[in-house]
Amino acid sequence: MSDLDAYRAKAQEFLKLHVAEYGAEARKTLSEEQDLELGRRWQALKYDAGYVGISWPKEWGGQGLSVLEKLAFDDEEMKHGFPTVYFSISLGMPVPMILRYGSGAWMQERVTRAMQGHEIWCQLFSEPAAGSDLAGLRLRAERDGDDWVLNGQKLWTSWAQYSDYGVIVTRTDPNVAKHKGLTYFWLDMRAPGIEVRPVKLTSGGAHVNEIFFDDVRISDDQRMGEVGGGFSVAMETLFIERYQALDSAGFGPPLDIFTDLVKTLTVEGVPAIKDGRIRQQIARNYAQRSALEAIGMRALRALADGKTPGPEGSLNKLVSVRSRQRLGELAIDMMGVAGVRRDNRNNGAGRTDWVESWLDAPTGRIAGGADEMLLNTIAEKILGLPQDYRPDKGVAFNEIK
Amino acid sequence: MSDLDAYRAKAQEFLKLHVAEYGAEARKTLSEEQDLELGRRWQALKYDAGYVGISWPKEWGGQGLSVLEKLAFDDEEMKHGFPTVYFSISLGMPVPMILRYGSGAWMQERVTRAMQGHEIWCQLFSEPAAGSDLAGLRLRAERDGDDWVLNGQKLWTSWAQYSDYGVIVTRTDPNVAKHKGLTYFWLDMRAPGIEVRPVKLTSGGAHVNEIFFDDVRISDDQRMGEVGGGFSVAMETLFIERYQALDSAGFGPPLDIFTDLVKTLTVEGVPAIKDGRIRQQIARNYAQRSALEAIGMRALRALADGKTPGPEGSLNKLVSVRSRQRLGELAIDMMGVAGVRRDNRNNGAGRTDWVESWLDAPTGRIAGGADEMLLNTIAEKILGLPQDYRPDKGVAFNEIK
Amino acid sequence: QGWTGITLPEYYGGLDLSLVEMGLVAEACGRNVVGAPFLLSSFAAADGLNQFASPELKETWLPRLASGEAIGTIAFAETGATLPSTPTLSFSGNGLKGGKPAVSAAGHADIALVLAERDGQPILACVDLTQTAVTRDLLDTFDNSRCAADLSFDNAEATTLVSGEAALRACTLILARLAVVMAHEQTGGAEALLIKARDYALERRAFGQVIGAFQSVKHRIAELYALVELSRANAIHAASLEGQSGFLAAAAAARLSAIEAYDVAARDVIQIHGGIGVTWEAGLHLHQRRTRSLALEIGASTFWEDLLVDEIMKEAV
Amino acid sequence: QGWTGITLPEYYGGLDLSLVEMGLVAEACGRNVVGAPFLLSSFAAADGLNQFASPELKETWLPRLASGEAIGTIAFAETGATLPSTPTLSFSGNGLKGGKPAVSAAGHADIALVLAERDGQPILACVDLTQTAVTRDLLDTFDNSRCAADLSFDNAEATTLVSGEAALRACTLILARLAVVMAHEQTGGAEALLIKARDYALERRAFGQVIGAFQSVKHRIAELYALVELSRANAIHAASLEGQSGFLAAAAAARLSAIEAYDVAARDVIQIHGGIGVTWEAGLHLHQRRTRSLALEIGASTFWEDLLVDEIMKEAV
């Protein structure tokens, strides 16, 4: 058994010990607030057991292991529906950025508290008019002595309603080209002038927020990177978690939940499994998922060998979420008139219930890059095709039409 | 019975009389040359019976009827596979343009001879570097006294190998914007310096040609429209046959040939008609075709009422040819290992044989406008969406990169 | 406005118009994602009574349905079948016994046409839902404005309208006529989404231009236009074939095109709207949910594909 | 080069390598739309002999197949079935009698493995095609370089390798192993088309820019990249599972992904090339034709979908 296999086996043992108290079944009937509290306890427990910050440097309280150990643990943890969703962005992007840009005892305390789940960080990037085109953001930060004063609006910020701190990209100079006038800060989400309003999404859930900034004052000490260098710090944030556990189910239910459903159903008096149309979809989805999994495994092997995984890992999100949406439609259709029922609004139901997964699928397709942006990235970065026409290139931000 | 119904009934009677001698069955075993000869005789016979130039003015030998009578006749004629393919472009675009721009006894003779099938006209528009972007054409026409001297190349000219005359768009001024430097002529295809080379297409047939012009001299009398006005005359040519009989089969076999095939087949030991995958494709193709036919009928009713048909008629080509390609794949797959056989290379087999139809489908998708151009037209002309970015706009032709 | 009696005879207070006019109204409802399902469900119930009920029963119900005073619905489907040939809901001397799952509009309807079993034969029956022997359990669904409920019958009084194979044919015809009207509603929904996408593409800017200038957006909208027009063409065509041969095939084709157009519209138009599109504020989630409730209520695509293929193969013989 | 014996034991002159290496060679063949089908057809025949034949028979044929001196093929399918459970080709005391339609490579092959019937049971048999009791009718097909022929057997000598249900399992395994190798070939073809499209999009200009700048072209190529990589991933994964549990499902998945990738590639890449793409000069029509001959020769998608679903459902039990 390799060291990694041994690590994985130990992790499985640890998770098995706690699944009854913290896993999917335990969470089912909890309210979101109760689930968050359970999540905080789970996070603290993992911290004590050395399963938080697995690949982070030891001086910050991490375990100093490689990304392979982290991916192995995540992979096992994901299988059992533990309540990690409230902390995944916090520990995935803002906190690692603090590890790079922050220092001092106070910051060390923040990192530790975030690792233990006591505090949560959010990421304030997108705005109503700046989604795919992040550099088009408008939230102003104006210099006032040693301070900056923030005015404007952010949107799509996940878990801001529970967040203690955040990282933010602001426009500090509208007179230069749009990528060049941005600056990056961290801030206290309890600062005066910040108002957080949850936004309901397709499935009815509201984990994202609209956030209004009205003369919010922060210190220049909170700046991360150069004035005007915010775009590259933002990009650094987005790419910091370069290797994540790929999910061939597109964050929806695994395929065996679909085949289990098929087995129980009759469609127009005939067992669903005998219908060629349904067989075709099972087969095609299986083939697609097995390919995505094979790509993921190959990437892991490359990492283990100290190589850089190929670019094909970037396909996962594009391919898997789109398919999950169509498969959800089919699952609901197969259930017949009763397919409209919404019997399972539990925490994490999107992972087990086709109706919930389907309701949420449009959000999944937008989150983390719309299909069009992913296709552009593949076409330009991997295949070397030209960038789209960009009339805003090199134009001062306040002169862009 | 309306006048139109009576006209249609009479046409049916006429066609029935001649289908044995000229219809699909009679053509099956002929070579292309023999088929062309049969077509010429059929054309002459129709001319004598008053079924050529149905909607053309009487002074040119037409029948002076409306486009409705023409469409009714075409519709009936199409059903029986008469050999009209060699004359459809000739009588569809170049000759009607002569009706508009020509005059005199010699030209009248050309028109009559073309109507009788004795002479054929072709249309020399596209070039290797000017397909979708027609205005990007390069074939030069240089003024020399009362003459013009043509040099360059045309491509995709249908039936040029059998043509006696043609209409052509040339570049007469490379120093102005690309749409503005074009001029339109007619010419004798037997003029010295013209070389016609047939081009083999996917299915192996070669009805299109590459045509080389080496100092071909034509008179300024042959000019149609102003010098520099060629682009608009070309557009006039393309839109002259505004209402054509729509073909929901995308110029492939009708759906009942598919269902007839399905009835005879067993797939993996089960009658093909019982397989949900095959049923789904029959149903979806039927629905699509019935919608296209309903759109066609609605356009005819609008014409009959003296109204302008809606823009949805433009969908036919986009939708029908694409589907025909996929349906061909399925038909071949259903036949199993023997699906590779090519048993029917007869004239007009693309209308009855799925293998031939499938082999030819890529050509169908390009001919008459690639999908991308059709989508642009719908988006811009019907829905009012903006034109693509066009860096060549207003730039002199010889300065376009 | 008389919308509740469009296709009913004037004698009963209706307008005596055709499926074509009914379709126009349904299309308008679809454009606005009108909440309540009662217009169509009442249409189907009244339409079935008008065709298959005795004069007395018509006299009792049609004036009330035509005026909108009473609400009707149909309940044919059971778990695993859109039109069960041997329904579990049974009718005997003691009345109607059993249940029907997730019946649209059943939360408020006064009367339902049901497909049941009597003496081993299928029957089409009419049942007053306001009697105490009928229980309705309102369901939590993803489209709650459809007022779907499970219906239970405990020896409920009912009247048989048609028996035997003819009952299945009657149900098929009622469903097909409803499918044509619903296809108009779906077309209206898809068209509304198309227009929203077009308008948004002309207004929303990214990278210095309106997003409608990007071919990915532009062509997606053009493809959607094609689907909407195909759906509309089939819906109108089917309505115009009312009472003629080929109606069933045309109705099935209309339903398939309509489901496809509305599904693609919801998927693509939300996507085109980006983040805004997935918020409740944009309201597109209402269309998303409606696509599936309409796709389910009178049988999913596979049911209509099978019906259409059977009709085509019959014709071809 | 030893390509003809890659997976065969060294004892018989082979290289004793795995499906992974065989796949790499097949992928290279696919990239170049290599004309002759013999590499794969001989692989399948030799592979089947190596697994299921007696030592004597192996001794006779494997060295010749490994050296490329003899050409092999397989002939399992009959009209209406990829793997007929009761084949019409029958084997009795008098030998093999009947036919096999449109057998790839049969125009030149020296030996074939056939699925036949003996005493009401399916058998896998080996038959020397050079004997006079075997007739081959070369067919006119849309991909004539596959040398497909109808085979007729008039009391031909043959040797039974496996009988009964085990024969069907043996044929399935032979097909699945060939499917994995062919999936590499198809991936190679699709990849070659992808690269052609990318290069053409960077070179061809319209409206003053390279056509690769239009999102309709750009995104179509990106989508194709996705299909090619999925196809490659499944093909490699299946090859790596050689001899392990889950191999059949992996092979079926590889085949489905490969058929889809190559089909879409041919359709879209020809389309991207515009008029040039449909001429013989461009050579893309060779790929178009090859997509279908490879899709047909060892069973169309529906066969592999069914096989995959059966495997998945078996696993799940």
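Which residue follows α4(B), and is its phi positive or negative?

Analyst: Happy to take you through it, starting with the residue you asked about. In this predicted model, α4(B) is followed by B:Gly81, and the phi of B:Gly81 is positive, near 70 degrees.

Now for the helix itself. α4 of chain B covers residues 67-79, which makes 13 residues. From its first C-alpha to its last, α4(B) reaches 18 Å, close to the 18 Å expected at 1.5 Å a residue. Several of its residues are buried: B:Leu68, B:Lys70, B:Leu71, B:Ala72, B:Phe73 and B:Glu77. Their packing partners are two helices of chain B, namely α1 (3-22) and α10 (276-304).

α13(B) runs over residues 371-382 and has 12 residues. Just after α13(B) comes B:Gly384, with a positive phi of about 75 degrees.

How does chain B relate to chain A? A rotation of 180 degrees with 0.0 Å of shift along its axis superposes chain A on chain B, at an RMSD of 0.0 Å. The two copies are therefore related as by a two-fold rotation axis. The same surface serves both of them, as 100% of the contact residues of chain A recur in chain B. Five residues of chain A are in contact with five residues of chain B. On the chain A side, these comprise one nonpolar, two polar and two charged residues.

Chain A also has contacts with chain C, where 41 residues of chain C meet 45 residues of chain A. On the chain C side, β3 (95-103), α6 (247-272), α7 (274-277), α8 (284-297) and α9 (301-316) each supply at least two residues. The largest share, seven residues, comes from α8(C). By class, the side of chain C that touches chain A divides into 17 nonpolar, 17 polar and seven charged residues.

To round off the context, here is chain A as a whole. Chain A holds 13 helices and nine strands. A compact globule with 401 residues would have a radius of gyration near 21 Å, and chain A has 22 Å, which agrees. Taken along the principal axes, the C-alpha atoms of chain A fill a box of roughly 75 × 50 × 45 Å. Buried residues make up 47% of the chain. Among contacts in chain A with a separation of 6 or more, 70% are accounted for by residues 24 or more positions apart.

Finally, a word on confidence. The model scores ipTM 0.95 and pTM 0.95. Chain C averages a pLDDT of 96, with 99% of the residues scoring at least 70.

How values were computed:
Residues numbered from 1 in each chain as written. Chains lettered and ligands numbered in written order. Predicted model: local features only at pLDDT ≥ 70, side-chain atom pairs only at ≥ 80, totals over all residues. Contact = placed C-beta atoms within 7 Å. Helix = DSSP H or I, 4+ residues; strand = E, 2+ residues; numbered from the N terminus. Nonpolar A, V, L, I, M, F, W, Y, C, P; charged D, E, K, R; others polar. Least-squares fit on C-alpha atoms with pLDDT ≥ 70 in both. pLDDT = per-residue confidence, 0-100. Expected span 1.5 Å × (residues − 1). Buried ≥ 20, exposed ≤ 12 C-beta atoms within 10 Å, placed from the backbone. Rg over C-alpha atoms; globule rule 2.2 N^0.38 Å.
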